[in-house]
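User: I have a structure to go through with you. Please show me how to read its features, one by one.

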Amino acid sequence: MLEKAIKGSKLYWGWIGLLLLGVATGFFAYTFQMKEGLSITGMSRDVSWGFYIAQFTFLVGVAASAVMMVIPKYLHHYQTFGRVLILGEFLAVAAVSMCLLFIVVDLGQPQRMLNVLLHPTPRSILFWDMIVLNGYLFLNILIGWVTLQAERKGVEPPKWIKPFIYLSIPWAVSIHTVTAFLYCGLPGRGFWLTAILAPRFLASAFASGPAFLILLCYIVKIFAKWDPGKEAIQSLAKIVTYAIITNLFFLSLEIFTVGYSQIPSHLLHFKYLFFGLEGHATYAPWMWVSVVAGLLAVLILLFPQNRKSDNVLAMACVLVFLSTWIDKGMGMISGGFVPNPLEEVVEYIPTKLELLITLGVYAAGFLILTILYKVAVGVKKEVDA
Amino acid sequence: MRANRRKFLKIAGLATLGWSVFPNLLRASEGGEGAGHVRWGLAIDTKKLNDEVMEKAIVACHKNHNVPHIPDKREIKWLWKTTFHKAFPGQMLDNMHISEYAEKETLVLCNHCDNPPCVRVCPTKATFKRADGITMMDFHRCIGCRYCMAACPFGARSFNFYDPKKFLKSEEITTQFPTRTKGVVEKCLLCYERLDEGKKPYCVEAAEGVIYFGNLNDPESEIRKVLAERYAIKRKPELGTFPSVYYLI
């Protein structure tokens, strides 16, 4: 099936070329990091995780969201999703690949990476994160490829794939739960020390992932001339609506608990993010944009007639994506580190090189996504014809 | 002769086999002095602590451990000065009681917690607990994921964002202690290299009686006696990490 990825229009090859350029730029920037160490980033002794780990956290959510189509399709036999499910699974593959790349670029000693396997340490959540992420990558490649192949041949998928599909459901939940556990099990980091972190992560994932998938469906429809189907997009839109409301609800639960109890070690992080602390307020405008974008998206999505209009729905999806990306890709990680354990305020602002490396990883992810989508859409068109 | 040689080879072979299969048995018989019964701890007498003593202790520690001086927020700190207000956040807010303490400076360092979160989270066991209570670092195993820095509630850990050798003058480097490489985490190791020789940590020596050092598990030790006599506090006791560093106030 891969041969479908090497036959394409000028536009396709132009896009591939652009992504390769992005990967090359990122790699070039990474050579500086290899040479000079992580000193080329904006990270510090106080904010020791930055943009890389934040993107990793956000993308785990995007990956996990494929389950929102797997459940209706395989547990409720909702056949409408049969047509677009492969797009969700391949999005998960690309997203997990980016997650793994972001972890690698964040390491101070990447050449020692395999120490995690050489000295397996089950008491560390990072050990489990490695297992669930790699497992999820494997599951989605396997399931996506096997079901697509069966579709191409015009037969039912083999029976042996079913257990893997069922396994992928709790596995999807596990990747984001374990990723939340990385943070919420740490004493002395009040911002993350909350049992609602994992549910919040999942809610934001089930909003951002399907929202992004709707946008991808529109892109596929326009550029690849293949229609994923109106009903599938409408069902995804309902999922986004429920999830973004749940996400904002969970955020309000968090704000109530922290705001009403007024325990400084929890409250100060929220104060810093939304209002600034000791004159440092770099993230405040962003955080408000996140909240307002989320609320605006809810306001739009709540009304079915808005969802039925492609343009309005696409705009709402952009708002959902923006809201959840700022929340997790910017605020969630650096907000947890400011103020530091000595209640000092040291801000984190990513450097240009750091952003270029991030761009390179995203380009690599979109390259994987483009190639997989080219294959999937190629097969779908062949079957339709 | 032939039979003897054969016998010798047999015994030598078996011994090599035994050694390679159970290397720990051999090491156990070497015996660290009372390993398992010792828990090293520090008690800092904040009444006697002054700027001069703190500087002496910091210099002794950083000089002898090749800790570079990096003039930005990516600095390396093993032992440093901070105010009580920052070392004990939340405990110094009430000006009614110990008001003179809030803005006073004190020394902070790795607490060598009895229940260390940094050890719990490390995915490679590069940071681990020694039988004598020291929270150790293996600079050669650390992959630089910095999970331990997120886990430490005391901000005791530093990451080598730079190559530390860039900030060390070659004539100042001591060959008695390894320098580190970029991309690994480091912190105070309670002078394990000196304890193994029966000496006290550099900071304790330099502070000349202001910092007490000893075995917290031995009721007869000097540190236990001073803790029995005077009021002492620990940093963030509510987190359940059980620090081994006390502050006499």
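**Reading salt bridges, interface and surface**

Analyst: Over all chains, the structure holds 25 salt bridges. Here a salt bridge is a side-chain nitrogen of Lys or Arg within 4 Å of a carboxyl oxygen of Asp or Glu. This is a predicted model, where local features need pLDDT of at least 70, side-chain atom pairs count only at pLDDT 80 or more, and totals for chains, interfaces and linings use all residues. Residues are numbered from 1 along each chain as its sequence is written, chains are lettered from A and ligands numbered from 1 in the order in which they are written, and side-chain values use heavy atoms, with hydrogens and water left out.

User: How far apart in sequence are the parts that A:Asp384 and A:Arg83 tie together?

Analyst: The general idea comes before the case. Side chains of opposite charge can pair when their charged atoms come close. A:Asp384 forms a salt bridge with A:Arg83, with the closest N and O atoms 3.6 Å apart. A:Asp384 lies in helix α14 (residues 352–384) of chain A and A:Arg83 in the loop between α3 (67–75) and α4 (85–106), so the pair ties together parts that are 301 residues apart in sequence. Helices (H or I, at least four residues) and strands (E, at least two) are DSSP runs, numbered from the N terminus.

User: Are A:Asp384 and A:Arg83 buried, partly exposed or exposed?

Analyst: Buried means under 20% relative accessible area, exposed over 50%, and partly exposed in between (1.4 Å probe, protein chains only). A:Asp384 has 45% relative accessibility, so A:Asp384 counts as partly exposed. A:Arg83 is partly exposed too, at 30%.

User: Which helices does the pair A:Asp310 and A:Lys230 tie together?

Analyst: The closest N and O atoms of this salt bridge are 3.5 Å apart. A:Asp310 lies in helix α13 (residues 310–337) of chain A and A:Lys230 in helix α9 (residues 230–261) of chain A, so the pair ties together parts 80 residues apart in sequence. A:Asp310 is partly exposed at 30% relative accessibility. A:Lys230 is partly exposed at 48%.

User: Which residues of chain A are linked in a network of salt bridges?

Analyst: A:Glu3, A:Lys4, A:Arg152 and A:Glu382 are linked in such a network.

User: Now chain B. Where do B:Lys81 and B:Glu55 lie?

Analyst: Their side chains meet in a salt bridge (2.9 Å, N to O). B:Lys81 lies in strand β2 (residues 79–83) of chain B and B:Glu55 in helix α3 (residues 51–64) of chain B, so the pair ties together parts 26 residues apart in sequence. B:Lys81 is partly exposed, with a relative accessible area of 24%. B:Glu55 is partly exposed as well, at 34%.

User: How many helices and strands are there in chain B, and how many of its residues count as buried?

Analyst: Chain B has ten helices and ten strands. Of its 249 residues, 52% count as buried. Contact means heavy atoms within 4.5 Å. Among contacts in chain B between residues at least 6 apart in sequence, 63% join residues at least 24 apart.

User: What area is buried between chain A and chain B?

Analyst: The size of an interface is often given as the accessible area lost when the parts come together. Buried area here is that loss (1.4 Å probe), summed over both parts. Between chain A and chain B it is about 3800 Å², and carbon and sulfur atoms give 53% of that. A:Arg45, A:Arg123 and A:Leu342 supply 21% of the area that chain A buries against chain B, more than any other three residues. In contact terms, 41 residues of chain A meet 46 residues of chain B.

User: How many salt bridges cross the interface of chain A and chain B?

Analyst: The rule finds three. B:Lys166 forms a salt bridge with A:Glu36, the closest N and O atoms being 2.8 Å apart.

User: Which residues form the nonpolar patch on the surface?

Analyst: Patches are made of residues with over 30% relative accessible area and no salt bridge: like charges are joined within 9 Å, nonpolar side chains (Val, Leu, Ile, Met, Phe, Trp, Tyr) within 5 Å. A:Leu11, A:Ile219, A:Ile222 and A:Phe223 form this one, with about 430 Å² of accessible area together. Accessible areas come from the Shrake-Rupley method with a 1.4 Å probe; for residues, only the protein chains shown count as cover. Helix α8 (residues 197–224) of chain A gives the most to the patch, three residues. A:Ile222 lies in helix α8 and counts as exposed, at 54% relative accessibility.

How values were computed. Buried area = accessible area lost by both parts, 1.4 Å probe.
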